[in-house]
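Keep the 3D view open and follow along.

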Amino acid sequence: MKTSVESKLSLGFAISLFALAGLGWLSFQTTTNLVDTERWVAHAQEVIGALEEGCAILTDTETAERGYLLTGEDQFLKDFLEAQIQTKDWVDQFRRLTADNPEQQQRLKQLEPLISQRLSLLNNRIKLRQEQGLKSVAGAVALREGKTLMDQTRQEFLAMREAESRLLSERQHAVQVSAAVNTSIILAGSALACVISLTAFVVIRRDLKLRAQVESEVQATRTQLQSFLDNTPADVFLKDAEGRYLFVNRQFETTAEISRDKILGRTGFDIFPKAVGQATHENDQQVLNTGEPFQFEEVILHADGPHTHLSVKFPLWDSRGKIYAIGGVSTDITPRKRAEEERDRFFNLSRDMICIAGFDGFFKRLNPAWEQTLGYTAGELLAKPFLDFIHPEDVAATSEKSSDLSTGKEVIQFENRYRGKDGSYRWFAWNARADLSRQLIYASARDITRQKQSEEQIAWLNTDLQNRATQLEAANRELEAFSYSVSHDLRAPLRHIDGFVKLLDKQAKEKLDERGRRYLDIIADSARQMGMLIDDLLVFSRMSRTELRHAKVSSDALVHEAIHGLQGETNDRQIRWKITALPEVEADPAMLRQVWVNLIANAVKYSRPRNPAEIEIGCNLDNGELAFFVRDNGVGFDMQYAHKLFGVFQRLHRAEEFEGTGIGLANVRRIVHRHGGRTWAEGKIDGGATFFFSLPKTPIETKG
Amino acid sequence: MAPLKRILLVEDNERDVELTLAALEEHNLANEVVIARDGAEALDYLHRQGKFAGHANGLPVVVLLDLKMPKVDGLEVLRRMREDSALKHVPVVMITSSREEQDLVSSYQLGVNAYVVKPVDFQKFVESVKQIGFFWAIINEPPPGAVKRPN
């Protein structure tokens, strides 16, 4: 484009120059011609002048001759002789003057004899006059003779003058034409010069405008470039071949902590510590020597410590193929570097086995955990397909998972066994994903051998536990059957004893003495006692076996029901009841009723010797559990036997003192335990007793 | 006096039979008592088959049924009676030593009319039997088909 414009411009100027030169030459030519022609005009005029002069001389000759002829005065003769010389001179002069004109030379040749004849005539007459006097020459013939010759001469002169006048007129016309041509050429030249000037003006003005536009565009581009470079997070610089900085961006200033105006024009040696300057210089030399871009990592000290930079320096070539500058871009890769180091550390320190494997079945990269876990070197593991290290039973599953991975599926918690260098197998649990484009599997495995062993142990223990549970269940069933037998079969004989004792009593009352009747009473009483024991035992056993049914239970209501149920015992007794408001609880209503009945019945029973008896019923909130209590002022107990109170068949009193089977408190304990509570008691011999039971605020069911 | 009606006592234990009869006798209720010694016999009687083929005529006004018996137990007898359209309205009273809740629930589910636990105390036992006999044999109007003994 540029060349085209340039060549056009050159061509234009060449043509203009050529045209102007041609016109100039033409103008020169015509002017020269004009001058020449004008000289010829002047020459013609000179010739005409000379002819007139020649005529005049001839006339002078004749006049002088006539004068002499007439007067004989010497003066005339003198004049005549002078004129005669002049005539000869004139002829010579004229011949020279018209040397260029053969026509006039020719005429001159004709004129010359005429002049000579005339002169010789005149001379003859003069001689005649001198010798013979005036009379000899006074004749008309002689005069006529001279007149003819004179006319002939004059005729010749006229012809010559006419010819010369014609020539003059021709030449004057030529001058006119030549002058007109010259004017035209000068006008044309001026016009062309004007056109060229105008064109040049337009072209140059346009060019200047264009240049201004281009310059502003260049300036804009330069500003954009500067903005880009200043906002680039990398250090960017340009330096000349001697290492002097030509340009640096803002990041460079920030990194170097030196302002731009103190950098430009200086070298690395001027602005950096010596070692850094040296290193910079060496890098520059590398680029200058090889002429190739040079990439390298360098550590640069920032305000907050050393940073790793990835730098590249490259040569800039001028049109002559010489390196005139070195460009450089240096990026702070510290965060990336740190991330890489962190990742590497993570990779190296991981207890899990991390690996990259190819779809070709070989490991590509392994972390040190592999060597530590299996005992092989990394080289050994990389040398063989990974399937070679896998337990024969797991090979099929593993290769299936590998092909799953190669189709883009994930592998989660896949377990297989790897053979260690010592021949033992380790269980690995795998999580893996593949990068299909790279044909690589990224996987991590955890050594779960111990976990597996624990699992096996747990499985074994579970089986054992299950067996025990089954046995326990069988035992429970047997116990149930036993209880059933007790309830049904054991009671029957008792009933029979009682029944038949009664029948015997009826039949043989009269035949028996006092002692015999007493024996019958004892037998009946024992049977009844036995019946009560069996009943209580059955209740106790039932309490353990029946499922709890939780419901909201009003403790107040249960307490009042229990007291009401004991009316038979309390009717003829004086008992002072002190009952505070009790909270609602969540429990099995039937079982909890049994608890209250047993405790209140006990209080009533053991306070029998007191008049009045005092029984207090209440509840404390203690550590998030509700502690209910029943306190009496009865016979109390020795605290050293407190631990026996809640045992089955445990009694602290003889049956003659206080009837009972020793099951009641055992039942209380069992029920309270099943509700997740506790039972305890405080007492003193003859100082009354307090029985406590607690219930958690949130009910928990526990078996047994 | 109102006519006495036939009572079927199903009880495997002969001592219990004797005591029950003694209790009923005390109140003059033992005259029309038929005794079956196990569930199978009870069903034979009710279906007039086996030992009782052609012997019996008419249904008892009440069956006093022990729970635990050899061969066919009380619950099974009750179940079969309730399945039999001819017998399903015959009143059945369980008289048993068992206080087991499970037995109680099963009995009521099968449609027992009353459930009495035999008291160990003979006096109480006599009283219970008397009241049962009195209610079912005298006070209660049995379903049609029950045998009444003219007084």
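## A loop residue to start with

A:Gln439 has 11 C-beta neighbours inside 10 Å, so this residue counts as exposed. You'll find A:Gln439 in the loop between β9 (425-435) and β10 (440-447) of chain A. Before going on, keep in mind that what you're looking at is a predicted model.

As background, most residues other than glycine have a negative phi, and most peptide bonds are trans.

Chain B has a case of its own: B:Arg48 is not a glycine, yet its phi is positive, about 50°. Look for B:Arg48 in the loop between α2 (39-47) and β4 (62-65) of chain B. Is B:Arg48 buried, exposed or partly exposed? There are 14 other C-beta atoms within 10 Å, so B:Arg48 is partly exposed.

Back in chain A, check the peptide bond from A:Asn611 to A:Pro612: the bond is cis, with omega near 0°. A:Pro612 sits in the loop between α17 and β14 (613-622) of chain A.

## Chain A as a whole

Now zoom out. Chain A contains 18 helices and 17 strands. Of its 704 residues, 22% are buried. If you take the contacts in chain A between residues at least 6 apart in sequence, 58% of them link residues at least 24 apart.

## Checking helix lengths

Helix α17 of chain A covers residues 589-606, which is 18 residues. α17(A) is mostly covered, with 13 of its 18 residues buried.

With 24 residues, α2(A) reaches 33 Å from its first C-alpha to its last, close to the 34 Å expected at 1.5 Å a residue. Which residues of α2(A) are buried? They are A:Phe80, A:Ala83, A:Gln84, A:Trp90 and A:Phe94.

## Two helices side by side

Two packed helices are described by the angle between their axes and the distance between the axes.

On the α14(A) side, the contact is made by A:Val539, A:Phe540, A:Met543 and A:Ser544, while α18(A) brings A:Ala666, A:Asn667, A:Arg670 and A:Ile671. Sorted by class, the residues of this contact are five nonpolar, two polar and one charged.

Strands of a sheet pair through backbone hydrogen bonds, either parallel or antiparallel. In chain A, five strands form an open sheet in the order β2-β1-β5-β4-β3, and the pairing is antiparallel. Which strands sit at the edges? They are β2 (245-248) and β3 (294-302) of chain A, each pairing on one side only. From one strand to the next, the twist averages 25°.

Take a look at the end of the sheet where β3(A) is. Nine bridges join β3(A) to strand β4 (residues 305-317) of chain A, and the two run antiparallel. A:Leu301 stands opposite A:Pro306 in β4(A). Helix α8 (residues 274-290) of chain A lies across β3, β4 and β5 (323-332) of chain A, at about 30° to β4(A).

A:Leu192 lies in helix α4 (residues 140-230) of chain A. This leucine has 15 C-beta neighbours inside 10 Å, so A:Leu192 counts as partly exposed. A:Leu192 and A:Leu23 are 169 residues apart in sequence, yet their C-alpha atoms are 9.3 Å apart in space. Leaving aside neighbours within four places in sequence, A:Leu192 touches A:Ala19, A:Leu20 and A:Leu23.

## Where the chains meet

How many residues does each chain give to the contact? Chain B gives 16 residues and chain A gives 16 residues. On the chain B side, the elements that give two or more residues are α1 (14-26) and α5 (122-139). The largest share of that side, four residues, comes from α1(B). By class, the chain B side has five nonpolar, four polar and seven charged residues.

Key. Residues are numbered from 1 along each chain as its sequence is written. Chains are lettered from A and ligands numbered from 1 in the order in which they are written. This is a predicted model: local features need pLDDT of at least 70, side-chain atom pairs count only at pLDDT 80 or more; totals for chains, interfaces and linings use all residues. The expected span of a helix is 1.5 Å times one less than its number of residues. A residue is buried if 20 or more other C-beta atoms lie within 10 Å of its own, exposed if 12 or fewer, and partly exposed in between; C-beta atoms are placed from the backbone. Two residues are in contact if their C-beta atoms, placed from the backbone, lie within 7 Å. Ala, Val, Leu, Ile, Met, Phe, Trp, Tyr, Cys and Pro count as nonpolar, Asp, Glu, Lys and Arg as charged, and the others, Gly among them, as polar. Two strands pair if DSSP finds at least two bridges between them. Axes are lines fitted to C-alpha atoms, for helices over the stretch in contact, and angles run from 0 to 180 degrees between N-to-C directions.
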